[in-house]
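Open the model in your viewer and keep the selection tool at hand. The stops below go from a pocket to ring pairs and then to charged pairs.

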Amino acid sequence: MNRTVLSVGAVTVALAAVTGVAALTAPEEAASSAESLGTAARKPVERSTLVCPSPSTSDVAETTYEAFTPKGGPGKKGGAALYPAERADPQDPEDPADGKDGKDGKDGKGDKDRKGSEEGAGGEDTAEKEKGNGKPFLALSSPGTPVAAETDDPEAPALTGTADGPFAPGWTVQQTTTVAAGAGRGLQGTSCSVPDTSFWFPGASTAEGRQDYVHLTNPDSTPAVVDLELYGKEGEEKAEQAGQGSGEGITVPPHATVPVLLSTLTPEPVTNVTLHVVARSGRVGAQVQSSDRKLGGDWLAPAADPGPGQVLPGIPEDATAVRLSVLAPGGADADLKVQLAGKSGRISPAGHESLHVKAGMVTTVDLKGLIKGEAGSLVLSPAEDGEDAPDVVAAARVLRGKGSKQETAFVPATVPVQKRATAAGNTARGTTLALAAPEGGAKVRVTASPGSGGGSAKSTTVTLKAHTTKAFTPPRPADGKGGYAVTVERLSGGPVYASRTLEREQSGVSGFTVQTLPDDRSTVAVPESAQDLSVLNDD
């Protein structure tokens with residue numbers, strides 16, 4: 001197959017669209033430029049873009065959105081708002097199937113089942129408002145206070161939008177769907193994602209009884225062209241022979257979404273695959289929705305970019321099965337140590353202390369008996385020290401319950417919290433925060449925002465011991481009502497990895513969903529230099 005190599009310019013433009021700031025520096029020039037550009041300082045981002053996928057086509061699904069931006073952003077003028085995206089047919093993307101104004105020929109402003117907050121002035125200054133896209137579905141009125149919206153529409157659209165000014169640093173939106181029955185029943189949750197040009201999804205599948213859709217959403221005013229690469233246990237060549245070419249050159253129209261069923265890319269079912277989404281032009285948001293007839297379902301978020309080691313934080317304490325999927329996408333095999341950072345320290349799972357991953361092939365292992373009553377984080381590291389260890393990507397499928405009451409969630413590898421991470425959509429009951437310090441000890445401040453219906457913020461300081469994971473109920477807002485956001489700030493010590501689990505029981509099934517919490521992009525490194533950086537917009 002033809003592999004797309006992204007130029008430095010393309011990567012820079014993608015960065016600029018998210019942060020509002022970018023520097024044009026070729027990789028080979030980075031070292032020499034560091035001195036001339038001076039010392040890098042971290043400054044608040046000026047603009048953020050988010051994409052939320054279409055939540056569910058089920059008639060018995062209910063979805064809640066919660067948006068939040070922490071206080072402290074610079075300036076007074078700005079806003080944050082999400083608007084409906086059109087739905088395009090992947091076979092005929094030039095003619096969106098939903099009509100020109102939103103979805104299915106409707107006006108794109110939502111219907112009587114959509115109870116979004118639309119009166120907030122926070123959306124008035126966003127680029128989307130300037131484009132005349134009508135009323136926002138969900139808009140923030142002020143930083144520091146979450147805003148919620150609901151829908152039970154089985155044709156609810158994907159959402160795209162921007163935040164600028166004081167609303168941009170740390171803007172976060174949580175989408176949580178309860179599916180009462182049928183394939184994918186249970187709790188499905190995802191954090192609305194930042195558009196990019198490359199995404200890795202280990203843990204996907206085209207197996208019988210399971211439907212995995214990748215949702216590709218374009219937030220910009222120009223088309224994006226996307227390639228879908230599938231890797232199986234026989235490697236990428238096997239995937240090509242299995243029909244991978246049908247996933248090449250997918251056009252995603254401006255402000256539109258294209259869902260692609262992964263099983264249409266392989267003539268035969270494949271239980272474990274890794275999906276690589278590559279935008280050869282433009283950028284997209286990408287998330288995989290997995291529905292299983294017997295095991296429920298959830299959203300599979302993108303995993304951390306390839307690296308020699310990976311951390312998967314927050315495997316729940318009552319997990320009954322954990323399946324680890326790993327891919328080494330380069331040209332060399334990877335040998336990994338597999339450890340679990342638990343409450344008391346790191347241990348090696350019996351019988352799975354090490355893992356050999358062949359280059360370009362998906363390796364899966366069922367870690368039976370991994371969790372024994374306490375939450376933990378999977379830590380993958382090179383078996384031997386050295387700078388030439390091959391890169392890998394990884395994710396875990398986690399099951400809870402037994403028999404007909406099993407439910408599925410996914411825990412992809414994630415990056416550490418640099419300064420702050422934010423999780424919206426928390427509830428007074430059924431919320432667990434997991435913090436992992438796989439290397440050295442660390443000190444963290446955890447803050448609950450006011451609730452969407454009132455209350456005041458509340459903070460606590462958490463000390464993490466080296467090589468451990470601490471899972472606990474986060475603080476709740478004082479006198480708070482409604483959902484609330486939680487921020488995690490690393491104060492000192494080694495790297496901290498975080499995830500948040502939501503739990504909700506329905507018809508005797510304990511539904512759950514896990515979202516990893518990477519840094520919330522509140523700041524960007526800006527070299528202090530006479531060479532001023534250009535501020536770029538994505539409209």
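Here is the tour, stop by stop, through a predicted model.

**Stop 1: a pocket**

Select Glu317, Ala375, Thr432, Ala471 and Phe472. These residues lie nearest the centre of the second largest pocket, which is lined by 24 residues. Its volume is about 470 Å³. Now show the strands around the second largest pocket. Those that give two or more residues to the lining are S19 (310–315), S29 (431–437), S31 (458–464), S32 (468–472) and S34 (497–506). S32 supplies the largest share, 5 residues. Colour the lining by residue class: 8 are nonpolar, 8 polar and 8 charged.

**Stop 2: ring pairs**

How many aromatic pairs does the structure hold? There are 3. Begin with Tyr65 and Phe137. Their ring centres are 5.2 Å apart and their planes stand at 80°, so the pair is edge-to-face. Tyr65 is in strand S3 (residues 61–68), while Phe137 is in the loop between helix H3 (127–130) and strand S6 (138–139), so the contact ties together parts 72 residues apart in sequence. Tyr65 is buried at 1% relative accessibility. Phe137 is buried too, at 4%.

Move on to Trp200 and Tyr231. This aromatic pair is tilted, with 6.0 Å centre to centre and 35° between the planes. Trp200 sits in strand S11 (residues 198–204) and Tyr231 in strand S13 (residues 224–231), 31 residues apart. Trp200 counts as buried at 6% relative accessibility. Tyr231 is buried as well, with a relative accessible area of 1%.

**Stop 3: salt bridges**

The structure has 8 salt bridges. Select Arg210 and Asp212: their closest N and O atoms are 2.9 Å apart. Is each of these two partners buried or exposed? Arg210 is buried, and so is Asp212.

Stay with strand S13 and pick Asp227, which lies in that strand. Asp227 bridges to Arg280, with the closest N and O atoms 2.7 Å apart. Arg280 lies in strand S16 (residues 273–281), so the pair ties together parts 53 residues apart in sequence. Asp227 is buried at 3% relative accessibility, whereas Arg280 is partly exposed at 43%.

Next, select Glu489 and Arg445. Their salt bridge has its closest N and O atoms 3.2 Å apart. Glu489 is in strand S33 (residues 484–493) and Arg445 in strand S30 (residues 442–448), so this pair joins parts 44 residues apart in sequence. Arg445 is partly exposed, at 31% relative accessibility.

**Last stop: Arg400**

Select Asp318, Arg400 and Glu503. Salt bridges with shared partners join these residues into one network.

Key:
Residues are numbered from 1 along each chain as its sequence is written. This is a predicted model: local features need pLDDT of at least 70, side-chain atom pairs count only at pLDDT 80 or more; totals for chains, interfaces and linings use all residues. Side-chain values use heavy atoms; hydrogens and water are left out. On a 1 Å grid over the protein atoms alone, a cavity is a set of points where a 1.4 Å probe fits but cannot get out, and a pocket is an open set with protein on both sides within 12 Å along at least five of seven lines; lining residues have an atom within 4 Å of a point. Grid points are joined across faces, edges and corners, and a volume is the space filled by probe spheres set on the points. Helices (H or I, at least four residues) and strands (E, at least two) are DSSP runs, numbered from the N terminus. Ala, Val, Leu, Ile, Met, Phe, Trp, Tyr, Cys and Pro count as nonpolar, Asp, Glu, Lys and Arg as charged, and the others, Gly among them, as polar. Rings of Phe, Tyr and Trp (its six-membered ring) pair if their centres lie within 6.5 Å; planes under 30 degrees apart count as stacked, over 60 as edge-to-face and the rest as tilted. Buried means under 20% relative accessible area, exposed over 50%, partly exposed in between (1.4 Å probe, protein chains only). A salt bridge is a side-chain nitrogen of Lys or Arg within 4 Å of a carboxyl oxygen of Asp or Glu.
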